[in-house]
Amino acid sequence: MTGATDGDGWEIEPGDVQGAAVIALVGHQLRALREAAGLRVSELGAALGYGEGIVYKVETGTRIPRPEFLDKADDVLRANGLLKAMKPDVAEVRYPKKVRDIAALEAKAVELTSYWNHSPHGLLQTPEYAQALFSMRRPALSSEQIERAMAGRTARKSIFDRDPAPALNFIQEEVTLRRPIGGRTVLRGQLEHLLELSQLRTIEIQVMPTDREDHAGMDGIMEVLKFGDGTAVGRCDGLYNGRPVSDPKQLRGIELRCGIIRAQALSPRESLAFIEQVLGEL
């Protein structure tokens, strides 16, 4: 069987039970339709323009097919839309499980407060900046892993399109505005993007200057998401092993830190001027 290439789909992540279940169902349906049509794996692959190895992996639930694969298979096997109807579920599980979990929380949140110290928050990153960030990971990510990460990050940005929009509060360490990830041109585009986002009435961006003597965020990134029913989820690198928590007693400490760091950082108006200054220095 021919080997898979990065353009043929995505591998299932180890431990992704939900993703494995969805793709197993897709594979079962594909195999049943192929056998009903009296085709061998190699024959279906040839008809679709894919190697038989890809068809085999999809049928056995070990590879996530691309949307065009399902479109072609539906047409060739005369499935009357059965395979095409699975595209939304397949599209969801193409993202890494961690990204899906974060996106699910963000999709429900009515308020988000976040402090990041090494790079702009994922929701604030331009595609060029995110691409550079993923490309410099060590050990190096495969092109498939980078593609999946980029797709997941793009999907999360649907939070900006919600109506009513949630209140989004970002506190960024000064170094995230100055480190030229991807080069100065990429950084310039990133800073210009921050200035554009800061004009939206539901987004506040604050900068924590490096010269601050008091800093409530020395334990690392922290984030609190609040939901319409009054519940919330928070996480902090330095508390509870960095895992998300929803217990009110545990949340209190994270919310306290978020509140203090917002007070210690520059105001949104001051931060806007600060970002403009950094941009002018490039």
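The structure holds zero disulfides, a disulfide being defined as a pair of cysteine sulfur atoms within 2.5 Å. The sulfur of cysteine 236 lies 7.7 Å from the closest cysteine sulfur, that of cysteine 258, and is therefore too far away for a bond. Cysteine 258 likewise takes part in no disulfide. Cysteine 236 counts as buried because its relative accessibility is 1%, and cysteine 258 counts as buried at 4%; here buried denotes under 20% relative accessible area, exposed over 50%, and partly exposed the range in between, with a 1.4 Å probe and protein chains only.

The model is predicted, so that local features need pLDDT of at least 70 and side-chain atom pairs count only at pLDDT 80 or more, whereas totals for chains, interfaces and linings use all residues. Residues are numbered from 1 along each chain as its sequence is written, and side-chain values use heavy atoms, with hydrogens and water left out.

Strand β4, comprising residues 167–173, is mostly covered, with six of its seven residues buried; helices (H or I, at least four residues) and strands (E, at least two) are DSSP runs numbered from the N terminus. On one side of the pairing pattern, β4 and strand β3 (residues 109–116) are joined in the parallel sense over six bridges, two strands being taken to pair if DSSP finds at least two bridges between them. Within this pairing, phenylalanine 170 of β4 is the bridge partner of serine 114. Strand β5 (residues 203–208) also runs parallel to β4, to which six bridges join it, and glutamate 204 in β5 is the bridge partner of asparagine 169.

Glutamate 174 is situated in the loop between β4 and α9 (175–178) and counts as buried because its relative accessibility is 12%. A polar atom of the glutamate 174 side chain lies 2.8 Å from the backbone nitrogen of threonine 210; a polar contact is a pair of N or O atoms within 3.5 Å, where within protein one must be able to donate a hydrogen and the other to accept it, and residues adjacent in sequence count only if both atoms are side-chain atoms. When neighbours within four places in sequence are set aside, glutamate 174 is in contact (heavy atoms within 4.5 Å) with Val207, Met208, Pro209, Thr210 and Phe274.

Threonine 126, in the loop between β3 and α7 (127–135), is buried with a relative accessible area of 8%. The threonine 126 side chain reaches the backbone nitrogen of tyrosine 129 at 3.1 Å, and, leaving aside neighbours within four places in sequence, threonine 126 is in contact with Lys157, Gly189, Gln190 and His193.
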